Amino acid sequence: MSDRQGLTFEQFMGDDGGVHTLVPASVVAAVPGAKAAAERFGREVRFDFLDDRAVHRLLLHRWEDNRKWRVRGCLASIPLFVFAAGAWPFWDLVASQRTRPFQIAFICVDALLVVGLLVGLYLWRRPTLRDPSWRNVRIRARRYRAIVGIARRGGADIPATYPYYGMYASSRKFFPDAPELPIPEEERPA
C-alpha cells in the first residue's frame, strides 16, 4: 500500500504502475447501453457501478490484489522459464548426444519439474483464488471493465486502455454471502 500514498481521490494505480484518473460515472452513464449494463451488472453483483466512490474503492482493492501476487509470480516464473524454455537448448547441446535412457530420463525429470512448479504455484495462490471476498472484487472489476468498454464503443471519451488492467480469468461466480473487504486506507475519513 505504501506505493499508493499521496494519491488523491479519483486516482488509482494501473497494471503499468502508473497513476491514472478515474473516469467519472457521469461519462459512463451518458451512454444508454453502458448505463443499462451498469444497472444490470450492479444488480447481479450487488454493486453500484455508477457511484464514483464505490468504483474508486473497487480499483484500489483490485490493485492490492494484483500487487500481492505480482512479485511472487515473477519470482516463480524464473525457475519455470529455466526448466521449460531451458530444456530445448540443453536437449540440443547435451541430451541429443547421449544415450536413449539418458534422453528419456531427461524428458521425464524436466516434465516432472515443470508440472511440479505449476502445481506448486497454483497451491501457493489457491487460498486467495478461493477467497469469496476477493473473488467478488475480481468479478466486479471484470464487470466494470465490460461496462467501460460498452461506454467507449458508444462514443464516451474514455482512454483506450482504461481501466489500465487486464482481465481476471478466475472471476466467474459472485458470492452474495461473502463479507465485503474493508475500506482501503486512502478512503477512510481523517
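Which ring does the charged end of R143 sit over? The ring is that of F41, and the charged end of R143 lies 5.1 Å from its centre. The legends below describe a predicted model.

**View 1. Charges over rings: R143 with F41, and R98 with F102.** The charged end of R143 sits over the ring of F41. The distance to the ring centre is 5.1 Å. R98 lies over the face of F102. Here the distance to the ring centre is 5.0 Å.

**View 2. The whole chain: 6 helices and 2 strands.** From the N terminus, the order of elements is β-β-α-α-α-α-α-α. The radius of gyration is 22 Å, well over the 16 Å that the globule rule gives for 190 residues, so the protein is more spread out than a compact globule. The C-alpha trace spans about 70 × 35 × 35 Å along its principal axes. Of the 190 residues, 36% are buried.

**View 3. An aromatic cluster formed by F12, F47, F49, Y144, Y162 and Y164.** The structure holds 8 aromatic pairs. One of them joins F12 and Y162. Their ring centres are 6.1 Å apart and their planes stand at 75 degrees; planes over 60 degrees apart count as edge-to-face, so this pair is edge-to-face. The pair links distant parts of the chain. F12 belongs to strand β1 (residues 11-13), while Y162 lies in the segment after α6, 150 residues apart. Both F12 and Y162 are buried.

**View 4. Y144 against Y162.** The ring centres of Y144 and Y162 are 6.1 Å apart, with the planes at 75 degrees, so this pair too is edge-to-face. Y144 is in helix α6 and Y162 in the segment after α6. The two are 18 residues apart, and the pair is another link between distant parts of the chain. Y144 is buried, as is Y162.

**View 5. Backbone at Y162, P163 and Y164.** Most residues other than glycine have a negative phi, and most peptide bonds are trans. The peptide bond that joins Y162 and P163 is cis. Its omega is about 10 degrees. P163 is found in the segment after α6. Phi of Y164 is positive, near 65 degrees, though the residue is not glycine. Y164 has 18% relative accessibility; the cut-off for buried is under 20%, so Y164 counts as buried. Y164 is also one of the residues of the aromatic cluster.

**View 6. The loop residue R46.** R46 lies in the loop between α2 (32-45) and α3. Its phi is positive, about 50 degrees, although R46 is not a glycine. Is R46 buried or exposed? With a relative accessible area of 54%, R46 is exposed.

**View 7. The largest pocket, with a volume of about 150 Å³.** The elements that give two or more residues to its lining are α3 (52-84) and α6 (132-153). The largest share, 4 residues, comes from α3. The lining consists of F47, A54, R57, L58, H61, V137, R140, E180, L181, P182 and I183. By type, these divide into 7 nonpolar, 1 polar and 3 charged.

Conventions: Residues numbered from 1 in each chain as written. Predicted model: local features only at pLDDT ≥ 70, side-chain atom pairs only at ≥ 80, totals over all residues. Heavy atoms only, no water. 1 Å grid on protein atoms, 1.4 Å probe; cavity = no way out; pocket = protein on both sides within 12 Å on 5 of 7 lines; lining within 4 Å. Points joined across faces, edges and corners; volume = space filled by probe spheres on them. Nonpolar A, V, L, I, M, F, W, Y, C, P; charged D, E, K, R; others polar. Phe/Tyr/Trp six-rings, centres within 6.5 Å; stacked < 30°, edge-to-face > 60°. Buried < 20%, exposed > 50% of the residue type's maximum accessible area, 1.4 Å probe, protein only. Lys NZ or Arg CZ within 6 Å of the ring centre and 35° of its normal. Rg over C-alpha atoms; globule rule 2.2 N^0.38 Å.
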